[in-house]
Amino acid sequence: MASERNGGGGGGGEVRAENGNGGGAVSFFEMPEIRFTRLFIDGGFVDAVSGKTFETIDPRTGDVIASIAEGDKEDVDLAVRAAREAFDHGKWPRMAGSERGKIMLKLADLVEQHAEELTRLECLDAGKLLAVTRTVDIGTCGSTLRYFAGAADKIHGETLKMSGQFQAHTLREPVGVAGLIIPWNFPAIMFFTKVAPAMAAGCAMVVKPAEQTPLTALYFAHLAKQAGVPDGVINVITGFGPTAGAAIASHMDVDMVSFTGSTEVGRLIMEASARSNLKPVSLELGGKSPLIIFDDADVDMAVDLAINGNFFNKGEVCVAASRVYLQEGIYERFEKKLAERMKSWVVGDPFDRRVNQGPQVDKAQYERVLGYIGHGKREGATVLTGGKPCGLKGYYIEPTVFTDVKVKIHLLKTQNFDPVAQSQVKIHLLKIY
């Protein structure tokens with residue numbers, strides 16, 4: 001195992017990094033400057049009312065990147081008040097859709113102009129691979145904004161033929177103030193997946209990024225201001241779910257909530273909606289996706305798909321294909337090729353372009369994943385590859401494949417968000433369903 005040395009939270013310095021099982025691979029990169037650490041409310045950056053902060057951590061090392069303002073109910077109240085004013089009396093929802101689209105296109109241009117800095121922030125905060133983040137995560141932000149910018153002037157209703165002497169039509173209108181709660185696995189992508197359609201519709205919004213990964217959301221708020229988005233339309237509250245997130249979900253002046261995260265928290269948000277103003281709730285929650293491989297499959301392609309489906313983004317994907325069902329005839333060939341391929345899989349510093357897998361997002365997730373691996377071992381599953389932490393510091397875990405997994409085992413029933421795959425042998429697929 002190699003080691004990793006990293007700078008502190010000030011940013012801007014050159015860092016030499018080694019870690020994981022990369023055999024001494026070294027990368028030199030410029031640490032991004034941490035420019036935005038405060039709440040963004042009504043067009044400006046402000047401290048939390050309480051003055052409290054929390055630390056965002058570099059998952060490569062466990063070191064502090066920066067101290068971030070910790071928003072809670074009082075700050076959410078201020079942000080909702082600003083959004084309410086912007087929606088009820090501001091120009092954004094009253095602006096022609098084509099004009100909103102122009103501002104969104106300018107924001108897309110700004111995101112692309114600052115793509116390198118945004119990429120490094122996302123990698124540093126979330127432990128994501130540099131090249132993939134630049135192409136997939138930050139690249140998707142611009143395309144999402146452009147797509148919804150094109151939709152901004154195409155929001156229309158329908159004219160309906162009635163049986164009597166009546167005129168009837170439908171009209172789509174912005175819902176009002178939207179509460180948008182972002183997950184930590186794809187912070188940049190999910191920011192604009194939620195923000196861009198709300199902007200196109202003419203809504204105002206309060207965004208709460210995950211406490212593990214707040215940096216790009218604050219940077220996006222800064223760019224939105226530069227693009228000409230009116231004050232109060234986009235507000236960003238950094239903080240924790242039980243305080244800031246709960247305040248958004250239960251707020252009487254928030255007209256809808258969109259949440260991506262765990263099923264457990266999704267239930268709490270629905271309950272908060274019911275107990276407050278019965279606001280509509282949009283939930284994207286957990287899953288446990290299967291990959292089903294039949295005897296006639298191309299085994300090399302099947303192995304490639306299984307690796308990508310399980311270990312992309314270090315397994316922190318809501319649609320990860322972490323249950324691999326194999327027909328008997330292909331099982332042994334698949335297992336042998338998969339085990340061979342995993343020998344060359346490199347876990348290490350995500351800024352090194354030779355690395356395949358970075359660290360888990362934070363210490364809690366790291367310990368959770370190791371707990372799942374322990375569950376699998378205790379319940380009788382066999383470790384084909386991996387199964388252990390790696391590296392001298394940081395939150396790195398070997399890519400892990402379990403075999404001999406029984407149908408009722410804990411691993412098969414729980415969304416783990418981890419680099420752990422489970423395969424089943426001698427199970428005929430038609431008998432499962």
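**Close-up views of a predicted model**

The structure holds 23 salt bridges, a salt bridge being a side-chain nitrogen of Lys or Arg within 4 Å of a carboxyl oxygen of Asp or Glu. This is a predicted model in which local features need pLDDT of at least 70 and side-chain atom pairs count only at pLDDT 80 or more, while totals for chains, interfaces and linings use all residues. Residues are numbered from 1 along each chain as its sequence is written, and side-chain values use heavy atoms, with hydrogens and water left out.

View 1. The closest N and O atoms of R60 and D349 are 2.7 Å apart. Helices (H or I, at least four residues) and strands (E, at least two) are DSSP runs, numbered from the N terminus. R60 and D349 are both buried, where buried means under 20% relative accessible area, exposed means over 50%, and partly exposed is in between (1.4 Å probe, protein chains only).

**View 2. K225 and D231 form a salt bridge.** Their closest N and O atoms are 2.7 Å apart. K225 counts as partly exposed, at 38% relative accessibility. D231 is also partly exposed, with a relative accessible area of 37%. Elsewhere, salt bridges that share partners join D58, R60 and D349 into one network.

**View 3. R38 and D47 form a salt bridge.** The closest N and O atoms of this pair are 3.9 Å apart. R38 is partly exposed, at 35% relative accessibility. Side chains of opposite charge can pair when their charged atoms come close.

**View 4. F36 and F45 form a stacked aromatic pair.** Eleven aromatic pairs are found in a search of the whole structure. Rings of Phe, Tyr and Trp (its six-membered ring) pair if their centres lie within 6.5 Å; planes under 30 degrees apart count as stacked, over 60 as edge-to-face and the rest as tilted. The rings of F36 and F45 are 5.0 Å apart, centre to centre, with 15° between the planes. F36 is buried, with a relative accessible area of 12%. One aromatic cluster is formed by F36, F40, F45 and Y219.

**View 5. F191 and F192 form an edge-to-face aromatic pair.** The ring centres of F191 and F192 are 5.0 Å apart, and the angle between the planes is 75°. Both F191 and F192 are buried.

**View 6. The charged end of K128 sits over the ring of F186.** The distance from the charged end of K128 to the centre of the F186 ring is 4.0 Å. A charge sits over a ring if NZ of Lys or CZ of Arg is within 6 Å of the ring centre and within 35 degrees of the ring normal.

**View 7. L160, M162 and F166 form a nonpolar patch on the surface.** Together these residues have about 310 Å² of accessible area, computed by the Shrake-Rupley method with a 1.4 Å probe; for residues, only the protein chains shown count as cover. Patches are made of residues with over 30% relative accessible area and no salt bridge: like charges are joined within 9 Å, nonpolar side chains (Val, Leu, Ile, Met, Phe, Trp, Tyr) within 5 Å. L160 lies in strand β7 (residues 159-160) and is partly exposed, with a relative accessible area of 37%.

**View 8. L278 and K314 have positive phi values.** Phi of L278, a residue other than glycine, is near 50°. L278 lies in the loop between α8 (263-275) and β13 (281-284) and is exposed, with a relative accessible area of 66%. K314, not a glycine either, has a phi of about 50°. K314 is in the loop between α9 (299-311) and β15 (323-326) and counts as buried, at 3% relative accessibility.

**View 9. I248 lies in helix α7 (residues 241-250).** I248 is buried, with a relative accessible area of 0%. I248 and V76 are 172 residues apart in sequence and 6.6 Å apart in space, C-alpha to C-alpha.

**View 10. C203 and C390 are buried cysteines.** C203 has 4% relative accessibility, and C390 has a relative accessible area of 4%. The structure holds zero disulfides, a disulfide being a pair of cysteine sulfur atoms within 2.5 Å.
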